[in-house]
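Dear colleague,

I am passing a structure on to you, with my notes on it below. Please read the notes with the coordinates open beside them.

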Amino acid sequence: MKKPWIAAAAMALPLMLTACGGSTPPGASGGGGGGSSPDTITIGSVHPLSGASAGDGQQMDNAAKLAVDDINAAGGIDCLKGAKLKLDSADSQGKPEVGQSEAQRLIQNGAVALLGTYQSAVSQNVAAVAERNKVPFVIDVSSADAILQQGYKFTFRLQPSGTVLAEKGAQFLSDLSKKAGSQAKTVAILNEQGPFGTAIAKTFSDKAKSLGMNIGPQISYDPANVSDFTTQMTTIKESGADVLMVAGYYRDGVLAAKAVSTVKPTLNAVWGVANGAFDTPQFPGEAGAAGEGFFDVNYRLDMTNKDTQKVVKAFKAKYNDDIRTAAVLSYDAVRVIADALGRSCDASPAKLRDAIAKTKLDALVAQDGPIQFTEAGENENATPIVMQVQSGEVKQVFPEGSAQTKPVYPASPGQ
Amino acid sequence: MTTPPRAGGAPLTEGGTATAQEKEADAPPPSGRRPGWRSSVWTRLAVSFGIVVIAVVLAYLRAGNGVVVWQAVLTGLLIGGVYGLIATGLTLIFGVLDIVNFAHGAFLAIALYITVQAVTVLGVHPYLALIAAVPLMFLLGAAVQRFVLAPAMGKPLENQLLITLGIALLIDNLLLLFYGGNPKSAPLPGDHGIGVFGAVATLSRLLAFAVAIVLAGLLYLLLQRTRLGTAIRAVAANDRGAQMVGIDTRRIYMATFAIGTACAGAAGVLIAPLVTIEPTSGELFNIVAFVVVVLGGMGSVVGALVGGLIIGLTEQLGGLLLPGQSPLLAVFIVFVLVLFLRPQGLFGRIG
């Protein structure tokens, strides 16, 4: 009986030591603590590296790594004697409680800032951890408005919030269809039934009604196990709606596209709002002709920007994968943190937080201006733009300022 | 949950295997069943059919549009065929080995990726992947049973359950490691919508449905008309008895698990054109497949097929009757009702 006890004590000792080590002020993995200049500065990245969203999560983590490498290659943080950045990656598995404990662990391992996390529910928990530990947290992707309605001081969001996405989604539909001379009259809505899809659908339909459009049938579905949309699409076809708004994720978006091409409803447009499928590089390939002409209103990597093109190319070269907008936002999140470090010249989380709050940095995604945060931590120039699948490629089409080509409306999808 | 060897419970002709009844611990005792339900398969089919007709009429009253309801019925049947196809392999393993195989979805995912390989690397028709997928999955199933599950046979049920869960996690993450998480696809060349009396369905779904029926038929014949099938049924009914008449139960366990896994392989290839292929794609079907298996009766291939059709229809008609709810709500309402009236499932016996 003695031996196991000793072994257990031996195991517990280093654990206790590391726990104590974690309570020292984070941010100083080399050199002195607090205000001096360490050799490396650790940034924590929390993304779903396994589980159902692993595809996006791994891309986002890779993009953050790429950003760190690029910044280090360019000499690191100048005013901190060229200190190098180091990315400490954690897997949230897409689960709020795992994300929370991983965020805690990263902070204890010395991360001076966090970025992530893709799922709103995870971001919600990580934001709480960041607030408690007074470590800044830059959200790359997570749309739920509620995250920044808690009065948090340490959380900042790069992507436009759900409300902005949905309201602009309705506004752009009205503007674009009016300009094309066949204004949208009746909009059918197909949305996933979780908080994300429900919130988008509600805000969109309120705004659309105020702009004079009718809302046709609104159909919600369970994205976790839907396997066919032909019944829903037949209901939409019979309702006589002229536009179909879809708010959902990748797999269901592809199924919706297939159902459109099978049922062939008489629509002028399939109009995604923050859709997880219609603006991805894979979508035209997987949906084929079925996805031609589909619109999506979403945040978007700005292909008219030279720096973005460079990142797209570098990502392709390094990971042999087409980077998606979510991952570009992760790249931007690292840039925001590095930029703030360059201005604070201090790797302590509190100083870093103040510097991030004063950010004014050009973004790699399409925006109305540079990245700037409001009091609440929202990126005030974040905006979605309209994209359309044209000849098998996703193109930026509206508003004109960020358009690569002209929109085709009516698009008559599935015809 | 007693452990094998199982005590001989219900007779082979009715009420499923002994294990089937042992699993329904909180269901009313067999004596509580009404005799009318015992009569025949045809009565049960007729009752099921009658309930479906009532559901269709209700859906029509609710939706007020015949085309929509007919589309829902057609879609439901076609999806149901796919569910049945996935559940056939599971029901066999469930019924014979008494293993709740959580890895079934993961085996399905392997077959999906074999199909992707065939389409992207070799550039062949996705259905040709059957030639590789079925034997490969058969061997994999045999190996998994022989080397991983066999040592746990006769141990408490949760051992096997955790092992299959572990295998599922392992496969999911190996697929993630090798193929990455980005979604892949294996489209059927020349896939298009086909009109069926005003409703539409894609060629790939019609084909998957047709093959599901054929496959279930072949499996039924295998179980009913071959020596191997007879032995499998004997082991399912009473494995100690089977041992006493000279059946090598260990080999039967291995063969059954391999056949079940091969079924998952075939199902994976057939549904590959219908779904977005990701490492976790198989899990989507896991819950539904388990519901189908228990609804149809554990170990019953015909039950799996009929159960699949019922669940498919329930999902679609339920979507019309209860708009804005998860399709699983209607599915579980039906599931609970069936279990209440007929705890051993609709066709609770082997074959």
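In which loop is the place of A:Gln93? A:Gln93 sits in the loop between strand S2 (84–91) and helix H3 (96–108) of chain A, where helices (H or I, at least four residues) and strands (E, at least two) are DSSP runs numbered from the N terminus. Phi of A:Gln93 is positive, about 55 degrees, although this residue is not a glycine. A:Gln93 counts as buried because it has 20 C-beta neighbours inside 10 Å; a residue is buried if 20 or more other C-beta atoms lie within 10 Å of its own, exposed if 12 or fewer, and partly exposed in between, with C-beta atoms placed from the backbone.

Before going further, please note that this is a predicted model, in which local features need pLDDT of at least 70 and side-chain atom pairs count only at pLDDT 80 or more, while totals for chains, interfaces and linings use all residues. Residues are numbered from 1 along each chain as its sequence is written, and chains are lettered from A and ligands numbered from 1 in the order in which they are written.

B:Phe197 lies in the loop between strand S1 (193–196) and S2 of chain B, and it is exposed, with 8 other C-beta atoms within 10 Å. Most residues other than glycine have a negative phi, and most peptide bonds are trans. In chain A, the peptide bond from A:Gly116 to A:Thr117 is cis, with omega near 0 degrees, and A:Thr117 is placed in the loop between strand S3 (111–116) and helix H4 (120–133). The bond from A:Phe398 to A:Pro399 is also cis, with omega near -10 degrees, and A:Pro399 is found in the segment after strand S12 (393–398).

Chain A is divided into domain 1 (38–160 + 304–357) and domain 2 (163–298 + 385–402), with bounds that come from an automatic or database domain assignment. The centres of the two domains, taken over C-alpha atoms, are separated by 30 Å. Eight residues of domain 1 are in contact with nine residues of domain 2, two residues being in contact if their C-beta atoms, placed from the backbone, lie within 7 Å.

Helix H2 (residues 54–73) of chain A has 20 residues and reaches 28 Å from its first C-alpha to its last, close to the expected 28 Å, the expected span being 1.5 Å times one less than the number of residues. Of the 20 residues of H2(A), 15 are buried, so this helix is largely enclosed by the rest of the structure. A:Gly75, whose phi is positive, near 110 degrees, follows H2(A).

In chain B, helix H8 (residues 227–237) and helix H10 (residues 249–271) pack at an angle of about 105 degrees, with their axes 10 Å apart; axes are lines fitted to C-alpha atoms, for helices over the stretch in contact, and angles run from 0 to 180 degrees between N-to-C directions. Residues B:Leu228, B:Ala231, B:Ile232 and B:Val235 in H8(B) meet B:Thr249, B:Ile252, B:Ala255 and B:Thr256 in H10(B).

Finally, the contact between the chains takes 30 residues from chain B and 28 residues from chain A. The largest share of the chain B side, six residues, comes from H3(B).

Best regards
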